[in-house]
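Have the sequence and the 3D view ready side by side.

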Amino acid sequence: MGKSSLLILPGDGIGPEVMVEVRKIIDWFGSNLGLDFDVTEDLVGGAAYDAHSTPLHDETMAKALNVDAVLLGAVGGPKYDNLDFNLKPERGLLRLRKEMDLYSNLRPAQCFDALADFSSLKTEVVSGLDIMIVRELTSGIYFGEPRGIVTEGKERVGINTQRYKESEIERVARSAFELAKRRGNKVCSMEKANVMESGVLWRETVDKVHQAEYSDVELSHMYADAGAMQLCRWPKQFDVIVTDNLFGDILSDTAAMLTGSLGMLPSASLGAPMENGRPKALYEPVHGSAPDIAGQGKANPIACILSFAMALRYSFDEGVEADRLEQSIENVLSKGARTHDLLGEEGITPLSTSEMGDAIVEALAESV
Ligand code: IPM
Ligand code: MG
């Protein structure tokens, strides 16, 4: 088998800065452990718009469909706010998700011991927290038709449609049950079956998959609003949460914030297996492009580096190396290294983006 291929799309804002640090990590694995990747880099989002007047060039899309994994930084920025809807940076990301058919979006919310104090919740509520949100990513209200803004009589009406096929619910439910088997063996499914028919179908379908294939996994259901409340009240009750595209967008931001810093959280978006048995996959940090701090060396590269760790685990069968990378990050944090987003304690001088990258490379070197 040839080298594994990786397409890197740094994107906008702090995306390119954090990706420089990921490249250091990738290079380290190549030079020290012989884990070589065939890396290509390309544009997405505002950066692609500036170069090609489109947030994702067809050639880039084609490349993404032909690599083992895609690693993306972030897209968007105020410069692009007034663009036509279909040219906005976010459309580039949504096209990647849709055309790669990345239906299962894994968003871990994990609390690093060294950072438990950063949460806005009490330390005892979040310390040791480790939950996984599985968000359906290619359907639901994000993509349903009809959509648009139409004129009815004297006023305009904005329309979006929530729509789920059984098969779409089944496959993301399977993905959540499979994950749960390798973790705490519990799934909580969230929808609003009390007010939405799509929620009724969601609940019935998750139950059906559960009974037929995963009856040994513990399953519960919650309305998404109650779920949001429970996430803030006692998040450790959850192991895996499976939910639709829009609820997943919102609940995953809530869960992310519980852990103390958005700058720490990675994500994986997985599709059906390719010919080589690996899932189609795109990895990206949960945080956005943070235009307010872009170019100042203040960004935390850890979320993006942890996204690469997820790639090692889910795309490249390198779970041991993923553990090594995650452990190295833990070690750096427990020694007190902090980027700007993690300040709070007195007397700590923050590391710049590149100093944090270097510290993680050093910790990796100590791990062999
Ligand atoms: C996310 C983001 C995206 C989404 C945007 C940038 C399109 O908020 O990945 O959570 O809404 O899915
Ligand atoms: Mg979001």
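Pro146 sits in strand β6, which covers residues 144-152. The peptide bond that joins Glu145 to Pro146 is cis, with omega at about 0°. The model shown here is a predicted one. As a rule, most peptide bonds are trans, and most residues other than glycine have a negative phi.

Ser53, which is not a glycine, has a positive phi of about 60°. Where is Ser53 found? Ser53 belongs to the loop that runs between α2 (46-52) and α3 (58-65). Asp317 is another residue other than glycine with a positive phi, in this case near 55°. Asp317 is also in a loop, the one between α10 (302-314) and α11 (319-334). Asp317 counts as exposed because its relative accessible area is 65%, and the cut-off for exposed is over 50%. A positive phi, near 55°, is found in Asp101 too, and this residue follows α4.

Helix α4 spans residues 89-99, and the loop between β3 (69-74) and this helix holds Leu87. Is Leu87 buried, exposed or partly exposed? Leu87 has a relative accessibility of 27%, so it counts as partly exposed: buried would require a value under 20%, and exposed one over 50%. Leaving aside residues up to four places away in sequence, Leu87 touches Tyr49, Ser53 and Pro55. Ser53 in this list is the residue with the positive phi of about 60°. Leu87 can also be compared with Gly45: the two are 42 residues apart in sequence, and their C-alpha atoms are 8.7 Å apart in space. In α4 itself, the buried residues are Pro89, Arg91, Gly92, Leu93, Leu94, Leu96 and Arg97. Arg97 will come up again with the ligand.

Now turn to helix α11, where Val320 has its place. Val320 has a relative accessible area of 62% and is therefore exposed. Between Val320 and Pro266 there are 54 residues of separation in sequence and 18 Å in space, taken from C-alpha to C-alpha.

Thr339 is in the loop between α11 and α12 (353-366). How accessible is Thr339, and is it buried or exposed? With a relative accessibility of 0%, Thr339 counts as buried. The residues that Thr339 touches, when those up to four places away in sequence are not counted, are Ala299, Asn300, Pro301, Pro350, Leu351, Ser352 and Met356. With one of them, Asn300, Thr339 also makes a polar contact of 3.3 Å between side chains.

The next step is to look at the chain as a whole. Its secondary structure amounts to 12 helices and 12 strands. The C-alpha trace spans about 60 × 50 × 50 Å along its principal axes. Does the radius of gyration agree or disagree with that of a compact globule? A compact globule of 368 residues would have a radius of gyration near 21 Å, and the chain has 20 Å, so the two agree. Of the 368 residues, 52% count as buried. The chain exposes about 16,100 Å², and 49% of this area is supplied by carbon and sulfur atoms. Contacts can be sorted by separation along the sequence: among those between residues at least 6 apart, 74% join residues at least 24 apart.

Which residues are around ligand 1? They are Glu90, Arg97, Arg107, Arg135, Tyr142 and Asp249. Sorted by class, this shell has 5 charged residues, 1 nonpolar residue and no polar ones. On its own, ligand 1 has 320 Å² of accessible area, and the protein covers 74% of it.

Note on methods: Residues numbered from 1 in each chain as written. Chains lettered and ligands numbered in written order. Predicted model: local features only at pLDDT ≥ 70, side-chain atom pairs only at ≥ 80, totals over all residues. Heavy atoms only, no water. Near = heavy atom within 4 Å. Areas by Shrake-Rupley, 256 points an atom, 1.4 Å probe, with all protein chains shown as cover. Nonpolar A, V, L, I, M, F, W, Y, C, P; charged D, E, K, R; others polar. Helix = DSSP H or I, 4+ residues; strand = E, 2+ residues; numbered from the N terminus. Rg over C-alpha atoms; globule rule 2.2 N^0.38 Å. Buried < 20%, exposed > 50% of the residue type's maximum accessible area, 1.4 Å probe, protein only. Contact = heavy atoms within 4.5 Å. Polar contact = N/O pair within 3.5 Å; in protein donor to acceptor, adjacent residues only side chain to side chain.
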